[in-house]
Amino acid sequence: MAKRVHQPREDAEFDFILGMSRVPVLAYFIGTWPKAIEPCRAMDLVVGGIADEYTGRLTVVRTDITRCPAATERYGITGAPSYVLLKEGEAVAHGTGPMTSAEVREFLDGHL
């Protein structure tokens, strides 16, 4: 995972990162149950590359659903991997499932 990707250990840390970000936030939700592990690991590479590419324009937060249940519920996350693009704390776009780098760019660029 890229160094530019934040990985909160709990909801309070997730909220702190959101509050400190001066740019939009891509909250990337991952799951640790058997059927979610492989798709989420595959997305780690994609999301890490996006974090590097969008440095200064986007904060990326890799969020474990089991560690941040309040954030998961707040944004209506029901599966993993899932993505929420936040501007000033408000969700402006949602996505789910594995995506290519081009698909993630398209998801982001329409809202940044």
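The points below go from the sheet to single residues.

This is a predicted model, where local features need pLDDT of at least 70, side-chain atom pairs count only at pLDDT 80 or more, and totals for chains, interfaces and linings use all residues. Residues are numbered from 1 along each chain as its sequence is written, and side-chain values use heavy atoms, with hydrogens and water left out. Five strands make an open, mixed sheet. Seven salt bridges turn up in the whole structure, and the disulfide count is zero.

**Sheet order and edges**

- Helices (H or I, at least four residues) and strands (E, at least two) are DSSP runs, numbered from the N terminus.
- The strand order is E1-E3-E2-E4-E5, with mixed pairing; two strands pair if DSSP finds at least two bridges between them.
- Strands E1 (5-6) and E5 (90-96) stand at the edges. Each has a single partner strand, so one side of each lacks a neighbour in the sheet.
- Helix H1 (residues 11-20) packs on the sheet. H1 touches E1, E2 (25-30), E3 and E4 (82-87), where contact means heavy atoms within 4.5 Å.
- The direction of H1 makes about 170° with that of E3. Axes are lines fitted to C-alpha atoms, for helices over the stretch in contact, and angles run from 0 to 180 degrees between N-to-C directions.

**Strand pairs**

- Strands of a sheet pair through backbone hydrogen bonds, either parallel or antiparallel.
- E1 and E3 (residues 59-64) run parallel, joined by two bridges. Val5 is opposite Val60 in E3.
- E2 and E4 run antiparallel, with five bridges between them.
- The hairpin of E4 and E5 has two residues between the strands. Glu88 takes a positive phi near 50° in this hairpin.
- Five of the six residues of E4 are buried, leaving the strand mostly covered. Buried means under 20% relative accessible area, exposed over 50%, and partly exposed in between (1.4 Å probe, protein chains only).

**Salt bridges**

- A salt bridge is a side-chain nitrogen of Lys or Arg within 4 Å of a carboxyl oxygen of Asp or Glu.
- Arg74 and Asp15 meet at 3.0 Å, N to O. Arg74 lies in helix H3 (residues 69-74) and Asp15 in helix H1, so the pair ties together parts 59 residues apart in sequence.
- Arg74 is partly exposed at 41% relative accessible area. Asp15 is partly exposed too, at 33%.
- Glu38 and Arg41 form a salt bridge, with their closest N and O atoms 3.5 Å apart. Both sit in helix H2 (residues 34-53), three residues apart, which means a separation of about one helical turn. Glu38 and Arg41 are both exposed.
- Arg57 bridges to Asp109, with the closest N and O atoms 4.0 Å apart. Arg57 is in the loop between H2 and E3, while Asp109 is in helix H4 (residues 101-109), 52 residues away.
- Arg57 is partly exposed at 46%, and Asp109 is partly exposed at 42%.

- Asp64 lies in strand E3. Asp64 is buried yet has no salt bridge.
- Which side chain of opposite charge is nearest to Asp64? That is Arg67, 4.2 Å away. Lys and Arg count as positive and Asp and Glu as negative; His and the chain ends are not counted.
- Beyond its neighbours within four places in sequence, Asp64 contacts Ile30 and Thr32.
- Thr63 is also in E3, and is buried at 0% relative accessibility.
- Leaving out residues up to four places away in sequence, Thr63 touches Pro8, Phe14, Tyr28, Phe29, Ile30 and Cys68.

**Cysteines**

- A disulfide is a covalent bond between the sulfur atoms of two cysteines. The cut-off used is a pair of cysteine sulfur atoms within 2.5 Å.
- The count is zero by this rule. Cys40 is in no disulfide, and its nearest cysteine sulfur, that of Cys68, is 14 Å away.
- Cys40 is buried at 2% relative accessible area. Cys68 is buried at 0%.
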